[in-house]
Amino acid sequence: MEEETSPSPLQLQPEHHKKEVIRLERESVIPILKPKLIMTLANLIEHSNDRAEFLKLSKRIEYTIRAWYLLQFEDLMQLYALFDPVHGAQKLQQQNLSEDEIDLLEQNFLTYLFQVMEKSNFKIATDDEIEVALSGQYLLNLPITVDDSKLDKKLLKKYFQDHPQEDLPDFSDKYVIFRRGIGIDQTSDYFFMEKVDMIIGRFWSYLLRITRLNKIFSRKPGGKHKRDPKKDDEIIPDADQEDLFVERKRLENMELSVGKLLSKTTIQEPTFDRIIVVYRRSSPKGKTERGIFVKHFKNIPMADLEIVLPEKKNPGLTPMDWVKFLISAVVGLVALVSSIETPNADLFVMFAVISGVIGYIAKTYFTFQANMAAYQNLITQSMYDKQLDSGKGTLLHLCDDVIQQEVKEVIISFFILMEQGKATRQDLDRWCEELIKEEFGESCNFDVDDAVQKLEKLGIVARDSVGRFYCVGLKRANEIIGTTTEELVLKFKHGSAT
């Protein structure tokens with residue numbers, strides 16, 4: 001009996017042999033704007049006095065949680081100022097620190113950064129998830145690789161040695177890819193060159209079969225990760241009814257005809273809603289590189305994940321392509337000479353071999369040219385459209401993300417306890433998810449543990465003798481938290497305006 005393994009949140013699901021489906025696990029992110037969330041919950045409260053107390057409590061919860069994180073975020077930003085790739089070197093020089101002290105500070109920065117990532121519900125992409133993501137092709141069809149010689153291999157390796165984690169990808173010593181959220185990208189175009197390339201490829205495969213040359217060309221370049229059918233079969237029992245299933249619609253799985261060749265085609269690919277890449281460049285000779293790059297991307301198609309990789313090599317024809325060119329030329333020349341010297345030459349075989357060789361060369365040339373044009377467009381788009389921010393801007397965005405998410409979790413949990421009374425951890429988790437689904441039409445994997453921990457820290461939720469959670473009344477909750485500094489500032493501003 002095979003050992004059971006825990007399911008990955010991102011998996012290929014076996015369907016019809018020409019249909020490709022990816023199973024996506026629900027995320028912990030609450031995809032609702034905070035003002036809409038608070039007002040919707042307030043409107044569900046019957047009495048106006050309770051409604052006013054709830055709105056006041058919501059503000060006090062946000063102000064308090066923001067204050068909790070203020071010092072941690074300030075430490076994070078001050079540390080990053082020393083490792084900013086633009087001005088960090090100058091500030092480090094001003095501090096007059098030793099190498100050991102700088103090493104300690106950069107590890108402290110990574111510790112704060114990874115904590116913020118976790119609180120903001122970003123997860124490190126594992127090898128299995130990346131393999132599933134890259135098992136298909138979307139708009140990028142070139143084998144993109146990273147130039148390892150241009151990346152530092154000490155910074156992240158040291159961090160993960162001190163903070164070991166499971167399922168780290170093979171490249172985690174050089175760079176880390178964080179992912180969060182799932183979306184869908186659709187592209188409608190004629191894809192004329194891609195379709196022509198596919199027709200040539202299918203014709204080439206047919207000629208290889210009838211001339212029995214397919215054994216020579218059976219090996220394929222490993223530019224993309226290939227899915228394992230056995231892994232697909234193991235995924236079926238682990239499917240969750242709440243999970244999202246997204247179909248990949250690719251040209252490779254479509255039937256092509258003359259009509260479809262000249263008409264628009266829509267392809268579809270699931271996306272990572274947010275991607276953050278962390279890395280450091282390797283140090284040039286005679287100089288120590290201390291800058292840490294933090295780049296933030298949005299709506300990256302899973303199959304085109306390579307566009308966010310750092311320090312990419314310029315794509316070109318692979319060594320296997322050149323080998324195939326050479327074999328094709330030799331086979332074509334030998335077949336042609338042999339056919340001419342044979343008295344009873346089989347013209348059909350000779351024509352088929354030569355056509356196959358020419359077809360393969362044409363296929364490789366047109367494929368490379370079309371893919372290079374697509375690659376340049378994608379890289380340009382990723383720089384201008386899909387890159388949200390980098391460095392300090394990304395960190396500020398993350399800090400606000402953490403606060404917004406924590407506030408929403410705490411408010412929803414308190415509202416459920418206020419309405420339902422006492423609840424076990426499991427009941428509270430289920431009721432929160434049901435509320436989000438019923439009132440807002442959204443699904444998420446609610447993080448109840450973090451929410452009740454904050455509520456207990458605030459002093460407005462406690463546990464009874466059997467471990468069930470219960471909350472105090474609204475008025476009492478506002479008294480326990482007390483008047484916040486922000487409220488005093490607002491009162492002062494209002495008084496001055498009056």
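Predicted model: local features only at pLDDT ≥ 70, side-chain atom pairs only at ≥ 80, totals over all residues.
Student: How are the rings of Tyr159 and Phe160 arranged: stacked, tilted or edge-to-face?
Tutor: The centres of Tyr159 and Phe160 are 5.4 Å apart, with 75 degrees between the planes. Planes over 60 degrees apart count as edge-to-face. The pair of Tyr159 and Phe160 is therefore edge-to-face.

Student: Is Tyr159 buried or exposed?
Tutor: Buried means under 20% relative accessible area. Tyr159 has a relative accessible area of 4%, so Tyr159 is buried.

Student: Why does Phe160 count as buried?
Tutor: The cut-off for buried is under 20% relative accessible area. Phe160 falls under this cut-off because its relative accessible area is 9%.

Student: How many aromatic pairs does the structure hold?
Tutor: One of the pairs joins Phe54 and Phe415. The plane angle of this pair is 70 degrees and the centres are 5.9 Å apart, so Phe54 and Phe415 are edge-to-face. In total, the number of aromatic pairs in the structure is ten.

Student: How many residues apart are Phe54 and Phe415?
Tutor: Phe54 lies in helix α2, residues 48-83, and Phe415 lies in helix α12, residues 392-420. Both Phe54 and Phe415 are buried. Their pair links distant parts of the chain, with a separation of 361 residues.

Student: Which ring does the charged end of Lys457 sit over?
Tutor: The charged end of Lys422 sits over the ring of Tyr470, 5.6 Å from its centre. For Lys457, the charged end is 4.4 Å from the centre of another residue's ring, that of Trp68.

Definitions and conventions. Residues numbered from 1 in each chain as written. Heavy atoms only, no water. Phe/Tyr/Trp six-rings, centres within 6.5 Å; stacked < 30°, edge-to-face > 60°. Helix = DSSP H or I, 4+ residues; strand = E, 2+ residues; numbered from the N terminus. Buried < 20%, exposed > 50% of the residue type's maximum accessible area, 1.4 Å probe, protein only. Lys NZ or Arg CZ within 6 Å of the ring centre and 35° of its normal.
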